[in-house]
Amino acid sequence: FDLGFREDVDFIFQNIPKEVQKLVFSATFNEETKTICSEFLDKPNFVHVHQAEITPESMKQEALICESSDKIKLLLYLLKQHQPDCALIFTNTKLVASWLLYKLEKNNYNVEMISGDLPQNKRTRLIGEIKSGKVKVLIATDVASRGLHIPQLSHVYNFDLPNEASNYIHRVG
């Protein structure tokens, strides 16, 4: 609901007969999403299924804090040290993602960018290219991170900290 699809959701719900049962599923629900659901659902029930383990124990996680001006240097260092087979780098905005794309290309990385406003056919092509190994590094915004499934992924870098904790789960999930 809150990722730029509100018009689509409005259209769908306006065209479903009122007497039809409606169900909404989401990996994460915040209060704003609950409010929006309440607009469309009559006496909604919210069922929460909590996972005992949000991120697998086998996943190595590190936090490196630095000045904003040093983030690109740190990322370049980490990419050189890790030599990832397949990496995903998250930013909070398309502007930062575009800037990062430029910087990584200038440093000879095989990199592409995916954002929420990317047409579906191009999104599908880019995901196929990273899965096939043609592209080694994919830069993504939070909006674009929803629904990505890349089994070959060896590294996830958060160039920017996510604005909401639940976005971290989508990023590393």
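**Close-up views of a predicted model**

Four bridges link β2 with β3, and the two strands run parallel. The coordinates come from a predicted model.

**View 1. The β2-β3 pairing.** E112 has L138 in β3 as its bridge partner. Strand β3 covers residues 137-141. Strand β2 covers 111-114.

**View 2. The four-stranded open sheet.** The strand order is β2-β3-β1-β4, with parallel pairing. The edges are β2 (111-114) and β4 (155-158), each of which pairs on one side only. On average, neighbouring strands in this sheet are turned by 20° against each other, direction ignored.

**View 3. Helices on the sheet.** Helix α4 (residues 94-106) packs on the sheet and touches β1 (87-91), β2 and β3. The direction of α4 makes about 175° with that of β2. Helix α5 (residues 120-132) lies across β1, β2 and β3. Its run is at about 145° to β2.

View 4. T141 sits in strand β3. Is T141 buried or exposed? Its relative accessibility is 6%, so T141 counts as buried, the cut-off being under 20%. Beyond its neighbours within four places in sequence, T141 contacts F90, T91, T93, K94, A97, I114, S115 and G116.

**View 5. The α1-α2 helix pair.** Two packed helices are described by the angle between their axes and the distance between the axes. Helix α1 (residues 6-14) and helix α2 (residues 31-40) pack at about 25°, and their axes are 11 Å apart. Angles under 35 degrees count as roughly parallel, so α1 and α2 are roughly parallel to each other. Their crossing is right-handed. On the α1 side, the contact involves R6, V9, D10 and F13. On the α2 side, I36, E39 and F40 meet them. Of the residues in this contact, four are nonpolar, none polar and three charged.

**View 6. The whole chain.** The chain has seven helices and four strands. Along the sequence, the pattern reads α-α-α-β-α-β-α-β-α-β-α. How much of the chain is buried? Buried residues account for 32% of its 173 residues. Among contacts between residues at least 6 apart in sequence, 67% join residues at least 24 apart.

Note on methods
Residues are numbered from 1 along each chain as its sequence is written. This is a predicted model: local features need pLDDT of at least 70, side-chain atom pairs count only at pLDDT 80 or more; totals for chains, interfaces and linings use all residues. Side-chain values use heavy atoms; hydrogens and water are left out. Buried means under 20% relative accessible area, exposed over 50%, partly exposed in between (1.4 Å probe, protein chains only). Contact means heavy atoms within 4.5 Å. Axes are lines fitted to C-alpha atoms, for helices over the stretch in contact, and angles run from 0 to 180 degrees between N-to-C directions. Angles under 35 degrees count as roughly parallel, over 145 as roughly antiparallel, 65 to 115 as roughly perpendicular and the rest as oblique. A crossing is left-handed if the near helix is turned anticlockwise from the far one by less than a right angle, and right-handed if clockwise. Ala, Val, Leu, Ile, Met, Phe, Trp, Tyr, Cys and Pro count as nonpolar, Asp, Glu, Lys and Arg as charged, and the others, Gly among them, as polar. Two strands pair if DSSP finds at least two bridges between them.
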